[in-house]
Amino acid sequence: MATTIAVLSQKGGTGKTTTVRTLTDVLRRVGLDVLAVDLDPQGNLSDYFDVPADADPTVADVLAGQAKAADAVHNDVLPANLGLAESELILSGKMGREMTLRRALRDVKRRYDVILIDCPPALGLLTVNAVVAADYALLSTEAQYFSLQGVEQALEVIELAKDNLHPDLEWLGVVMNIADMRTVHSREAYAQLKEAFGEKVFETVIRSSIAYAESAERARSILDYRPDLGTDYVSLADEVLARIGSDSARKKLQSLRA
Ligand SMILES: Nc1ncnc2c1ncn2[C@@H]1O[C@H](COP(=O)(O)OP(=O)(O)OP(=O)(O)O)[C@@H](O)[C@H]1O
Ligand SMILES: [Mg+2]
């Protein structure tokens with residue numbers, strides 16, 4: 001059964017999509033079967049994986065009960081497009097609306113080792129569906145003074161989901177993303193996070209580089225486009241694997257690093 005991780009943040013542009021794409025790439029390279037789920041009507045993750053824009057059905061059809069998850073998987077990506085915004089509206093009026101993705105993914109959970117879910121930049125019904133479908137919630141945050149507040153708000157949603165819908169949900173941790181550790185600002189933001197959340201903060205910090213936007217535009221993994229930067233995500237993947245207790249995959253990752 002797949003270990004499912006939802007990547008979320010309260011704010012937009014914190015590197016969620018890039019994190020899902022690149023962790024997927026790293027984990028696939030150590031031989032894990034990974035399903036990447038795009039749960040954002042912007043469809044950025046689908047574009048980054050170069051899923052054709054007319055791919056059909058999509059996660060919107062799955063949430064609407066009009067397609068099975070297995071039939072909506074294209075090259076191990078469950079894509080999204082703007083139609084997902086409408087699904088969210090329809091979903092909001094239904095019973096069990098927070099459980100819809102969880103139920104839908106049951107059908108594919110057996111085929112994968114890991115499922116990574118990319119959330120939209122809001123803590124609404126889609127993000128709630130993602131965390132309820134997940135075993136772990138991974139927070140992404142930009143290196144800003146305000147990031148603490150955003151992390152606290154996302155944590156509230158995780159707590160609410162735990163209390164009311166999914167007691168087994170675990171907070172995997174928070175990663176500081178798009179950071180320039182040469183600046184005092186970034187270093188202080190990291191120290192602030194550490195002080196507030198201790199070991200929940202990943203040691204790995206994802207360095208800021210324009211190469212990420214370029215790699216997204218070319219629909220290429222940063223691991224190929226700029227392997228020197230990709231090492232950040234290899235380190236993050238190692239920490240993630242340690243936290244989910246996947247020692248055999250960690251060993252393979254070590255040989256990949258070497
Ligand atoms: N480490 C990085 N350094 C610099 N730019 C980055 C980095 N990671 C991602 N980016 C760029 O920053 C922008 C936002 O990243 P991304 O799309 O991953 O964030 P997001 O949280 O998914 O955004 P949204 O909330 O809109 O879904 C994109 O243009 C992306 O290419
Ligand atoms: Mg995104």
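**Loop residues and the ligand site in the predicted model**

In this predicted model, Asp50 is found in the loop between H2 and H3, where H2 is the helix of residues 44-48 and H3 is the helix of residues 59-63. Although Asp50 is not a glycine, its phi is positive, at about 65°. Most residues other than glycine have a negative phi, and most peptide bonds are trans. Asp50 is classed as exposed because its relative accessible area, 56%, is over the 50% cut-off. Ala53 is found in the loop between H2 and H3 as well, and it too is counted as exposed, since its relative accessible area is 76% and exposure is assigned over 50%. The C-alpha atom of Ala53 is separated by 9.0 Å from that of Gly43, with the two residues standing 10 residues apart along the chain. Pro57 likewise has its place in the loop between H2 and H3, and the peptide bond that leads from Asp56 to Pro57 is cis, with omega near -5°.

A positive phi also occurs at Ala219, which is not a glycine and for which the angle is about 55°. Ala219 is found in the loop between H9 and helix H10 (222-225), and it is assigned to the buried class because its relative accessible area of 19% falls under 20%. Beyond H10, Arg226 is found in the loop that lies between H10 and helix H11 (227-243). With a relative accessible area of 32%, Arg226 is described as partly exposed, because this value lies between the 20% and 50% cut-offs. Arg226 and Ala211 are 15 residues apart along the chain, and their C-alpha atoms are separated by 7.2 Å.

Two further residues illustrate buried positions. Pro41 has its place in the loop between strand S2 (34-38) and helix H2 (44-48), and it counts as buried because its relative accessible area, 13%, is under 20%. In space, Pro41 and Ala80 are 5.9 Å apart from C-alpha to C-alpha, whereas in sequence they are 39 residues apart.

Ligand 1 sits in the largest pocket and has 17 residues around it, of which Lys16, Thr17, Thr18, Arg207 and Ser209 come nearest. The shell around ligand 1 is made up of 5 nonpolar, 9 polar and 3 charged residues. Helix H1 (16-29), strand S7 (201-207) and helix H9 (211-217) each supply at least two residues of this shell, and the largest share, 3 residues, comes from H1. Oxygen atoms of ligand 1 are placed beside several polar groups of the protein, including a polar backbone atom of Gly13 at 2.9 Å. On the side-chain level, an N or O atom of Asp40 is 3.4 Å from an oxygen atom of ligand 1, and an N or O atom in the side chain of Gln42 is 3.2 Å from an oxygen atom of the ligand. The protein covers 81% of the 620 Å² of accessible area that ligand 1 has on its own.

Technical notes. Residues are numbered from 1 along each chain as its sequence is written. Chains are lettered from A and ligands numbered from 1 in the order in which they are written. This is a predicted model: local features need pLDDT of at least 70, side-chain atom pairs count only at pLDDT 80 or more; totals for chains, interfaces and linings use all residues. Side-chain values use heavy atoms; hydrogens and water are left out. A residue is near a molecule or strand if one of its heavy atoms lies within 4 Å of it. A polar contact is a pair of N or O atoms within 3.5 Å; within protein, one must be able to donate a hydrogen and the other to accept it, and residues adjacent in sequence count only if both atoms are side-chain atoms. Accessible areas come from the Shrake-Rupley method with a 1.4 Å probe; for residues, only the protein chains shown count as cover. On a 1 Å grid over the protein atoms alone, a cavity is a set of points where a 1.4 Å probe fits but cannot get out, and a pocket is an open set with protein on both sides within 12 Å along at least five of seven lines; lining residues have an atom within 4 Å of a point. A molecule sits in a cavity or pocket if more than half of its atoms lie within 2 Å of its grid points. Helices (H or I, at least four residues) and strands (E, at least two) are DSSP runs, numbered from the N terminus. Ala, Val, Leu, Ile, Met, Phe, Trp, Tyr, Cys and Pro count as nonpolar, Asp, Glu, Lys and Arg as charged, and the others, Gly among them, as polar. Buried means under 20% relative accessible area, exposed over 50%, partly exposed in between (1.4 Å probe, protein chains only).
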